[in-house]
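Welcome, and please open your viewer. We will go from one selection to the next and look at what is there.

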Amino acid sequence: MTQTTLPPVEKTQPVSAPHGKISDRSKSERKLGWLLAGPAFLVMLGVTAYPILQATYESLFSYRLTDPANREFVGLNNYLVILSDTLWWQALGVTLLITVITVAVELVLGFGLALVMSKALKSIRPVVRAAILIPYAVITVVSAFAWQFAFDINTGFVNSWFAWIPGVSADTDWFGETGTSLLVICLAEIWKTTPFISLLLLAGLAQVPEVLQEAAKVDGATWWQRMTKVTLPNMKAAIMVALLFRTLDAFRVFDSIFVMTGGANNTESVSFLAYRQTISRLEIGLGSAVSVLLFLSVVLIAALFIKGFKVDLASARGER
Amino acid sequence: MSRKEKIWWWIGGVAIVVYCLFPIGWIVALSFKSAGDLNSGDFLPNGAVLDNYSLILTGNASDLFLPALVNSFGICLIATAISCLLSMFAAYAIARLDFPGKKLVLSTALVVAIFPVISIVTPLFNVWRQIGLYDTWPGLIIPYLSLTLPISIWTMSAFFREIPWEMEQAAQVDGATTWQAFRKVIVPLAAPGVFTTAIIAFFIAWNDFVYGISLTSTENARPVPAALGLFSGASQFEDPTGAIAAAAVIVTIPVVVLVLLFQRRIVAGLTNGAVKG
């Protein structure tokens with residue numbers, strides 16, 4: 001048998017079947033489609049939908065792993081406990097602060113990097129491209145350690161290098177208070193994820209029609225005018241996709257905080273709060289409720305983006 | 001471009017390279033410092049030594065680090081292989097077949113991609129304990145699929161969409177059998193996309209910290225990032241900084257090698273999946 005599981009020849013035509021009329025062929029095509037995509041679809045549901053449903057269920061119980069006998073149904077009480085606790089609002093505030101700062105800086109910086117890359121001379125382009133992938137590919141924990149050790153009061157070089165800046169001296173303890181701790185966390189996050197944004201923006205930049213640029217140039221537009229009137233509007237889709245992905249990613253910040261401060265000095269993020277409740281304190285009920293709230297926040301942000309900014313992800317990548 | 005402009009863009013390029021490599025250079029420098037040199041406040045070591053590397057590779061800390069390295073490689077490679085296999089079928093269906101639900105599969109992948117990992121960990125922590133998957137390889141491979149599968153489906157379907165599938169028929173018209181047409185025409189065209197997707201999926205699995213730290217408790221399954229996060233020195237009184245730096249350098253080597261070898265493909269894969277029209 002040389003015939004394997006390949007689709008029969010008549011199905012190899014490009015997809016252009018007219019809608020409406022369901023022939024035998026399109027019926028079998030549907031069947032094959034689901035047969036092929038089904039397993040991946042089911043696995044995705046299995047590893048996300050099932051856990052979040054389980055979490056929702058467990059969030060309705062007062063349940064501590066060390067004390068399973070006293071597990072009891074408490075309804076929405078866990079949510080009330082969390083929402084009336086300053087810890088939650090503190091963590092949410094920190095998370096939002098980190099998200100807003102990092103995403104804003106990354107967008108501007110990433111656009112700068114994309115501009116340079118698009119103009120970089122052929123001779124150094126491969127070097128720049130390889131370099132820009134390094135922060136993206138490096139493990140977040142490694143990046144967090146690198147930045148922590150750099151600013152650390154004992155091992156770091158930052159204090160001795162930047163002693164000329166007012167307020168920085170040999171015994172500046174960056175991880176001693178909330179503000180400076182968050183600053184270093186943001187720096188590490190920005191360093192690690194800006195390259196990814198810049199690659200997305202670079203792809204968007206490449207899609208701006210060259211003719212428009214030329215036309216604007218001929219009409220005497222300045223560099224700034226061409227940038228704001230031609231380039232940026234034409235890459236709106238790419239900017240929005242980068243913004244949406246990074247915002248949701250930044251909102252889940254966990255690794256850097258775990259490594260750098262362990263949540264000390266009020267630097268706990270929402271993800272960290274959920275982790276601490278469940279894994280460290282074994283408060284399954286409360287931890288699940290925090291997880292559900294985090295999930296709802298992410299859904300809310302995504303919905304705001306898609307409705308508010310009209311980000312059409314499907315059309316942004318040519319999916320119709 | 002004028003000569004002056006050229007110089008400015010060149011300086012910009014060099015600035016990017018410095019920006020990207022500086023923290024890595026720092027952790028490498030740190031990893032070669034001797035115990036007495038760690039707190040010198042200098043960037044470069046005063047006399048490079050291999051103490052930290054021997055500590056984690058053959059010394060006291062090796063029974064923490066080496067099993068974690070094996071776990072990381074094993075778990076990430078298996079998770080990458082599974083998600084590549086599953087998404088190969090899915091991406092083929094999305095790129096070539098007309099079936100309702102195509103959009104559903106893609107949007108599900110998107111939703112899963114933005115899912116907060118910690119929301120999955122909390123329930124799994126409890127369930128895994130009950131069914132014996134806690135602190136095992138499968139106990140990490142399964143949740144890793146939530147990280148690798150969505151991006152694999154998106155990236156691969158973007159690649160598959162660009163394959164000139166008509167060539168398969170052309171080969172058949174020229175007398176090739178279905179199998180030959182598939183082997184000699186379609187496989188070579190699809191392979192780069194599959195390969196690139198595998199690299200990106202591997203990066204993402206390799207980077208995981210939340211699952212690794214929450215769903216393991218011993219060296220049975222603990223991957224490197226989690227081991228690093230929990231590293232507190234061979235003894236209580238030993239400063240773990242040097243050992244962490246050396247371990248950080250070692251886990252960074254594989255990704256740097258992949259980046260250097262396949263940079264062009266990785267960039268294409270990352271941007272294709274997200275914005276390419």
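Begin by colouring the two chains separately: in this predicted model, 97 residues of chain A are in contact with 97 residues of chain B. Now select helix α1 of chain A, residues 24-58. This helix supplies 20 residues to the side of chain A that touches chain B, the largest share of that side.

Next, select helix α12 of chain A (residues 270-280) together with helix α5 of chain B (residues 117-131). Their axes lie 10 Å apart and the helices pack at an angle of about 5 degrees. An angle under 35 degrees counts as roughly parallel, so α12(A) and α5(B) are roughly parallel to each other. Show the side chains here: from α12(A), Ser271(A), Ala274(A), Tyr275(A), Thr278(A) and Ile279(A) meet Ile118(B), Thr122(B) and Phe125(B) of α5(B). The residues of this contact are five nonpolar and three polar, with no charged ones.

Now turn to the largest nonpolar core, which has 175 residues. Which residues have the most contacts inside it? Select Phe145(A), Leu201(A), Ile27(B), Ala90(B) and Ala248(B) to see them.

For a last stop, centre on Phe145(A). Setting aside neighbours within four places in sequence, Phe145(A) is in contact with Val259(A) in its own chain and with Ile27(B), Ile244(B) and Ala248(B) across in chain B.

Terms used: Residues are numbered from 1 along each chain as its sequence is written. Chains are lettered from A and ligands numbered from 1 in the order in which they are written. This is a predicted model: local features need pLDDT of at least 70, side-chain atom pairs count only at pLDDT 80 or more; totals for chains, interfaces and linings use all residues. A nonpolar core is a set of buried Ala, Val, Leu, Ile, Met, Phe, Trp, Tyr and Cys residues joined through C-beta atoms within 7 Å. A residue is buried if 20 or more other C-beta atoms lie within 10 Å of its own, exposed if 12 or fewer, and partly exposed in between; C-beta atoms are placed from the backbone. Two residues are in contact if their C-beta atoms, placed from the backbone, lie within 7 Å. Helices (H or I, at least four residues) and strands (E, at least two) are DSSP runs, numbered from the N terminus. Axes are lines fitted to C-alpha atoms, for helices over the stretch in contact, and angles run from 0 to 180 degrees between N-to-C directions. Angles under 35 degrees count as roughly parallel, over 145 as roughly antiparallel, 65 to 115 as roughly perpendicular and the rest as oblique. Ala, Val, Leu, Ile, Met, Phe, Trp, Tyr, Cys and Pro count as nonpolar, Asp, Glu, Lys and Arg as charged, and the others, Gly among them, as polar.
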